[in-house]
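Hi everyone, thanks for making time for my short talk. Please have a look at the chain on the screen, and then I'll walk you through it.

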Amino acid sequence: MDILDKNHDNIEVNVTTCKVVSRYALEAIAKDGLEPTPQVYAVYYERILGNNPELNREFDKIAAEGGMTQPMCVLLCNKYIFVNNEIEIIKNVDEVLNKEISKMLNMLAANAEENDKFGDRLSDFSGKLKGSNSIEFLREAVASIAEDTRKIMVQNKQLQQELDSASEQLAVARSDFNKAHRKAQVDGLTELWNRSYFDQESVRLVDESRQSQMPLSLLMIDIDHFKKFNDTHGHIVGDQVLRLVARTLVENLKGKDVIARYGGEEFVIILPDTPLHSAERVAEVLRTSLATKKITKRGANVVLGTVTISLGVAELSKQEDVLSFIARADTALYKAKQLGRNRAVCAVEKMEN
């Protein structure tokens, strides 16, 4: 994969190049002679982003030992991108759903057949009743119908119990699936939404904003000097910083705002029904709130320092697509860093054609 080796060893992909990363991933998949299945695409996309060092190391090892294969991509995807337990839950849910639905359909079909037979017997009884004045015949016919009615009632009661049981199984399966689906959309460390969820929601909210003609703003956030802090104090403290930032973001935002960890030390927030000037105020609240908090070494009560963030702020322009929207916010973030960090910068408004 010579794409990764051009000009530098470690590629850092900015959010403005999402489209390019996708194209590179597809080109690399084709070059290696693989089918672009979801698992394969996920592995190559993550590989090019460079956010998963363990995945990259194992990928390099496999490539050096004989080349990447379709099965190996699936293994890497399950190991480093998807959570195996979640995959198993989804598979189990699928099996339960199919089994219970099939069971319910069979029960309903059998019950319908019995009801049809009972209906035929009632029609036959009605016809014979009209042609007979025999008290004995009437006695026997009523007894027969009563017995058939009792059997149908028992069958219907049994069917209801079985349907209730099947419904409970379906409810449990649906709950397991929803839990697994949600877990697959949440960042395990910060418990914020992950990149995948943000990608989906950003498209939906841009479309919704365009249809409703309500403002939509975006904050791109980066922790200042995070790598230096991480290298100095270690990954455990680095994880503590990420969780602190995530908690601060959640504490200062309202329920309908979408807060996600974009990758590494980058976060992103979508603010529905929020114009640029209001989004800028939100950015300042987040920045100043975080700057007042200190990172301490657990158990030693030693203050390691404060954490600051830089922010890029953008409001969706008319007819603007998601990639352009994110790119403008990211450009503003880059400018905030250039100006000295620990500040929020608003994006230049996109000029309409």
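**A walk through the model**

Let's begin with one side chain: Tyr197 has a relative accessible area of 15%, so this residue is buried. For that word, buried means under 20% relative accessible area, exposed means over 50%, and partly exposed is what falls in between, using a 1.4 Å probe and protein chains only.

Before we go on, a word on what you are looking at. This is a predicted model, in which local features need pLDDT of at least 70 and side-chain atom pairs count only at pLDDT 80 or more, while totals for chains, interfaces and linings use all residues. Residues are numbered from 1 along each chain as its sequence is written, and side-chain values use heavy atoms, with hydrogens and water left out.

How confident is the predictor? The pLDDT gives its confidence in each residue, from 0 to 100. Here the mean pLDDT of the chain is 77, with 64% of the residues reaching 70 or more. Over residues 1-17, though, the pLDDT is below 50, and this stretch has 27 contacts in the model beyond near neighbours in sequence. A contact means heavy atoms within 4.5 Å.

Now the overall picture. The chain contains 11 helices and seven strands; these are DSSP runs numbered from the N terminus, helices being H or I with at least four residues and strands being E with at least two. Of the 353 residues, 37% are buried. Among contacts between residues at least 6 apart in sequence, 65% join residues at least 24 apart.

In what order do the strands of the open sheet come? There are five of them, arranged β2-β3-β1-β6-β7, and the pairing is mixed. Two strands pair if DSSP finds at least two bridges between them. At the edges sit β2 (258-263) and β7 (344-346), each of which pairs on one side only. From one strand to the next, the twist averages 20°. As a reminder, strands of a sheet pair through backbone hydrogen bonds, either parallel or antiparallel. β2 and β3 (residues 266-272) run antiparallel and are joined by five bridges, and Gly263 stands opposite Glu266 in β3.

Lying across β1 (216-223), β2 and β3 is helix α7 (residues 195-212), which runs at about 135° to β2. Such axes are lines fitted to C-alpha atoms, for helices over the stretch in contact, and the angles run from 0 to 180 degrees between N-to-C directions.

Next, the aromatic rings. Rings of Phe, Tyr and Trp (its six-membered ring) pair if their centres lie within 6.5 Å; planes under 30 degrees apart are stacked, over 60 edge-to-face, and the rest tilted. That rule gives three aromatic pairs. Why is the pair of Tyr44 and Phe59 edge-to-face? Because the planes of their rings stand at 85°, with the centres 5.3 Å apart. This pair links distant parts of the chain, with Tyr44 in helix α2 (residues 38-49) and Phe59 in helix α3 (residues 53-64), 15 residues apart. Both Tyr44 and Phe59 are buried. Trp193 and Tyr197, the residue we began with, form a stacked pair: 3.8 Å centre to centre and 15° between the planes.

Finally, charges. A salt bridge here is a side-chain nitrogen of Lys or Arg within 4 Å of a carboxyl oxygen of Asp or Glu. By that rule there are 13 salt bridges.

One of them joins Asp187 and Arg261, at 3.3 Å from N to O. Asp187 is in the loop between α6 (135-183) and α7, while Arg261 is in strand β2, 74 residues apart. Are these two buried or exposed? Both Asp187 and Arg261 are buried.

Another is Lys293 with Glu251, whose closest N and O atoms are 3.1 Å apart. Lys293 lies in the loop between α10 (276-291) and β4 (294-297) and Glu251 in helix α9 (residues 235-251), so this bridge ties together parts 42 residues apart in sequence. With a relative accessible area of 22%, Lys293 is partly exposed.

Within helix α10, Arg287 and Glu284 are three residues apart, so about one helical turn separates them. Their salt bridge has its closest N and O atoms 2.8 Å apart. Arg287 is buried at 16% relative accessible area, whereas Glu284, at 28%, is partly exposed. And Glu201, Arg204 and Glu208 are linked in a network of salt bridges.

Conventions:
pLDDT is the predictor's confidence in each residue, from 0 to 100.
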